[in-house]
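Trainee: I have this one on screen. Walk me through it, please.

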Amino acid sequence: MRRKFLTGALCALVAAAPLGAAAQKTIAIASFGEHPTLNQARDGFKAELGRLGYREGQDVVYSFGHGNFNPALLPQILAQQEAKDPILLLTITTPVTQAARTIIKNPKLPIVFAAVSDPVRAGLVPSWDHGSDRMVGASNFQDLEGVLRFAKELLPNAKSVGLPFNPGEANDVAQADGMKAAAAKLGLEVKAVPVDSLGDIGPRVQSLRGVDFIYLLNSNLLMPAHPAVASAAAQINTPLISANPDPVLNHSALASFTVSYPKIGAAAARLADQLLKGMKPSELANYKPAYADHEPKVSAKQLAKFNLRLPQSLAACNCVVN
């Protein structure tokens, strides 16, 4: 009788245990570093998966690691995440995604990327319309023609744009080429200068003296160092327009016309959902932001500094930071 009682009690306890705890699966996330913009992509990913029914703490748990913007740490970070035996890996930025392609040993582990500017040029996927056999994802590639149209709204007399970029990174080169093509359509001259290391930022940006504005693109080298870029631009009294809103929020840049990183994360989550339901990466299209996925920000202090007025076309934008 006692044995039957204990067996019955054990069954009752098992039945009463939360099913979610037993069914929890790990989703691993590897990022290049801790940065407000990259964190928005991560958080947008998690929020959208939650909306799709993957309840954090019940159905899934997240394991997060980052490389502190040091490429040498990426193999270690990715190996640690793979060791968690995840059902899916999210990689944030091009360097992390490129490293994952060689570091991740499990060929059956689905990989979704986010904030990769040009996954085709980076050799990650064969085309925008299809993922590879291992990965698919959401790009943060700016609508560069849209960016320049926005810049000309603010600076109608602009004839030239300065463009610092890292020639050693495929993303930067792709954006620089795209900027030149977009500028040609709008009658703008692009003066591009290579920046190979953080120590080059000051002199290279200051070499752009004479251009009408400088554009800070989405660069894994330059964007984390945006205070140095903004400082160098200020020393030559040249407006800075950024692919990231952070310099606008602290009034070190005139404006930004940026892709919404929460939307990038959400797009990556929708792709992840399809992979977890059995689709193959090669059967899915990569997400490329549209013009409508961009958001303007304008610094009131920088408008005053350069004696500019907000154009009437942006009067209702609700985008001025005071």
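Trainee: Which helix gives the largest share of the lining of the second largest cavity?
Mentor: That is α9, with 3 residues. α9 spans 226–235, and both α9 and α12 supply at least two lining residues each. Helices here are DSSP runs of H or I, at least four residues long, and strands are runs of E, at least two long, numbered from the N terminus.

Trainee: What should I know about the model before going on?
Mentor: It is a predicted model: local features need pLDDT of at least 70 and side-chain atom pairs pLDDT 80 or more, while totals for chains, interfaces and linings use all residues. Residues are numbered from 1 along each chain as its sequence is written, and side-chain values use heavy atoms, with hydrogens and water left out.

Trainee: What counts as a cavity, and what as a pocket?
Mentor: Both come from a 1 Å grid over the protein atoms alone. A cavity is a set of points where a 1.4 Å probe fits but cannot get out. A pocket is an open set with protein on both sides within 12 Å along at least five of seven lines. Lining residues have an atom within 4 Å of a point. Points join across faces, edges and corners, and a volume is the space filled by probe spheres set on them.

Trainee: How many cavities reach 30 Å³ or more, then?
Mentor: The count is 2. The largest cavity has a volume of about 180 Å³.

Trainee: What lines the largest cavity?
Mentor: 19 residues, with Leu-38, Asn-218, Ser-219, Asn-220 and Met-223 nearest its centre. Both α3 (36–51) and α7 give at least two lining residues. The classes run to 6 nonpolar, 11 polar and 2 charged.

Trainee: And the largest pocket, what is its volume?
Mentor: About 160 Å³. Phe-32, Phe-69, Glu-169 and Asn-220 are among its lining residues.

Trainee: New topic. How many residues are in the largest nonpolar core?
Mentor: 53. A core is a set of buried Ala, Val, Leu, Ile, Met, Phe, Trp, Tyr and Cys residues joined through side-chain atoms within 4.5 Å. Buried means under 20% relative accessible area, exposed over 50%, partly exposed in between, with a 1.4 Å probe and protein chains only. Leu-154, Ile-214 and Leu-240 are among those with the most contacts inside the core.

Trainee: What does Leu-154 touch, neighbours within four places aside?
Mentor: Leu-254, Ala-255, Val-298, Leu-308, Leu-310, Pro-311 and Leu-314. Contact means heavy atoms within 4.5 Å.

Trainee: What is the strand order of the open sheet?
Mentor: It has 7 strands, β7-β6-β8-β9-β10-β11-β12, with mixed pairing. β7 (189–194) and β12 each have a single partner, so one side of each lacks a neighbour in the sheet.

Trainee: What about β5, which residues are buried there?
Mentor: Met-135 and Gly-137 on one side, Val-136 and Ala-138 on the other. β4 and β5 run parallel through 4 bridges, and Phe-113 has Gly-137 as its partner. β5 is also one of the elements that the buried residues of α5 pack against.

Trainee: Last one. Where is Asp-85, and is it buried or exposed?
Mentor: Asp-85 is in the loop between α4 and β3. Asp-85 is exposed, at 63% relative accessible area. Its phi is positive, about 55°, although Asp-85 is not a glycine. Asn-318 has a positive phi too, near 55°, and is exposed at 76%.

Key:
Two strands pair if DSSP finds at least two bridges between them. Ala, Val, Leu, Ile, Met, Phe, Trp, Tyr, Cys and Pro count as nonpolar, Asp, Glu, Lys and Arg as charged, and the others, Gly among them, as polar.
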